Amino acid sequence: MIISVASGKGGTGKTTIAVSLALSLENVQFIDCDVEEPNAHIFLKPAIKERKKAHVLVPEIDLAKCTFCGKCAQICVYNALAVLPPADNNKKGNILVFEQLCHSCGACTALCPENAIKEVNREIGAIEYGSSIQMDFIHGKLNIGEAMSPPLIRQVKQQINPEKTVIIDAPPGTSCPVIASIQESDYSILVTEPTPFGLNDLVLAVEVLRKLKIPFGVVINRADLGNDKTEKYCQKEKIPILMKVPFKKEIAQVYSKGEALVQAFPEYRKEFRGIFETIKNAKPG
Ligand code: SF4
Ligand code: SF4
């Protein structure tokens, strides 16, 4: 079973909830797909055993074969190629490849009439594998300055072990990296906080999950701050509230020390196991 933990907004305590759920269950594989800023390892402290570089394919042009016909640039919908034909017989032409814009679709390579393009690896980050006390752990790390995280997220997700209960820590927001992370989930937990910003972003996240037809429920973190509009919204939309975590100075202190909620407050384990039971019985969305 694959459970993703997401939040429309950053800073809601999504990773705390994902980590605490993982620590409350057996036979878990934890996958941190927040590849731009992975931080679950701070709480789970896994021993990293292996590191593999992650790549995407980008075109490399053989200018000796190229006739500067321009077809590759015409087909590229991402404007990742610019063909500069020779100005006169004495000057060489060139093709500029803007690698960061390339989506590795392969169209230019397939359509070049001179077979002047081959695909080569470009490193975008790394995938690290390890284990924590009671679970397998994998996270992706996108190289600094790299713009596109979905290719790395998809490569991280290729490591999913169907024999395990897989907990995916998704990036915050509702854009492409989130979709790449939560797709194929059996259930998604949306972590929010009861503030106007939290509710606004929760509504957007709910729309995404309904479109993807992934069943979901909500965890309200710092539940006694803010107002009751989030709860009322969930009631109106018939969205299950899986858990409410109160705002407590002690919880914030534990979090700031890099400790998981259930390690400092073991009484919460029962609640997280209860969430898992609810999830197992959830109907498809
Ligand atoms: S399609 Fe091939 S031959 Fe034409 S400009 Fe591009 S690389 Fe050169
Ligand atoms: S592989 Fe696709 S996205 Fe990349 S340069 Fe070629 S056509 Fe453009």
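**Walking through the chain from Asn115**

Asn115 sits in the loop that joins helix 4 (107-111) to strand 6. The model is a predicted one, and in it Asn115 has a phi near 50 degrees, a positive value in a residue other than glycine. Most residues other than glycine have a negative phi.

Lys238 is not a glycine, yet its phi is positive, at about 55 degrees. The loop that holds Lys238 runs between helix 8 and strand 11 (241-245). Lys238 is exposed, with 6 other C-beta atoms within 10 Å.

The overall layout comes next. The chain has 285 residues, of which 41% are buried. Its secondary structure consists of 11 helices and 11 strands. Taken along the principal axes, the box filled by the C-alpha atoms is roughly 80 × 45 × 35 Å. The chain is divided into domain 1, made of 2-53 + 125-280, and domain 2, made of 63-115. The centres of these two domains, taken over C-alpha atoms, are 42 Å apart. Of the contacts in the chain with a separation of 6 or more, 74% are between residues 24 or more positions apart.

Ala64 belongs to the loop between strand 3 (47-61) and helix 3 (71-75). Ala64 is exposed, with 7 other C-beta atoms within 10 Å. Gln159 is 95 residues from Ala64 along the chain, and 40 Å separate the C-alpha atoms of the two.

Two ligands are present in the model, and each has its own shell of residues. Around ligand 1 there are 14 residues, and those that come nearest are Cys66, Cys69, Lys71, Cys72 and Cys112. By class, the shell of ligand 1 has 10 nonpolar, 2 polar and 2 charged residues. Around ligand 2 there are 13 residues, with Cys76, Ala80, Cys102, Cys105 and Cys108 coming nearest. The shell of ligand 2 has 10 nonpolar and 3 polar residues, and no charged ones.

The axes of helix 1 (residues 14-24) and helix 11 (residues 268-280) come within 9 Å of each other and cross at roughly 90 degrees. Helix 1 is therefore roughly perpendicular to helix 11. On the helix 1 side the contact is made by Ser20, Leu21 and Ser24, and on the helix 11 side by Tyr268, Arg269, Phe272, Arg273 and Ile275. These residues divide into 4 nonpolar, 2 polar and 2 charged.

Helix 7 (residues 196-212) and helix 8 (residues 229-236) pack with their axes 9 Å apart, at an angle of about 25 degrees. The two helices are therefore roughly parallel to each other. Gly198, Leu199 and Leu202 of helix 7 meet Lys229, Thr230 and Tyr233 of helix 8. By class, this contact has 3 nonpolar, 2 polar and 1 charged residue.

Helix 5 (residues 150-157) shows how a helix can be set among several other elements. Its buried residues are Pro151, Leu152, Ile153 and Val156. These buried residues pack against strand 2 (28-32), strand 3, strand 6 (117-132), strand 7 (135-142) and helix 6 (176-182). An α-helix has 3.6 residues a turn, so residues three or four places apart point the same way.

Conventions: Residues numbered from 1 in each chain as written. Chains lettered and ligands numbered in written order. Predicted model: local features only at pLDDT ≥ 70, side-chain atom pairs only at ≥ 80, totals over all residues. Near = placed C-beta within 6 Å. Nonpolar A, V, L, I, M, F, W, Y, C, P; charged D, E, K, R; others polar. Axes fitted to C-alpha atoms, helices over the stretch in contact; angles between N-to-C directions. Helix = DSSP H or I, 4+ residues; strand = E, 2+ residues; numbered from the N terminus. Parallel < 35°, antiparallel > 145°, perpendicular 65-115°, else oblique. Contact = placed C-beta atoms within 7 Å. Domains from an automatic or database assignment. Buried ≥ 20, exposed ≤ 12 C-beta atoms within 10 Å, placed from the backbone.
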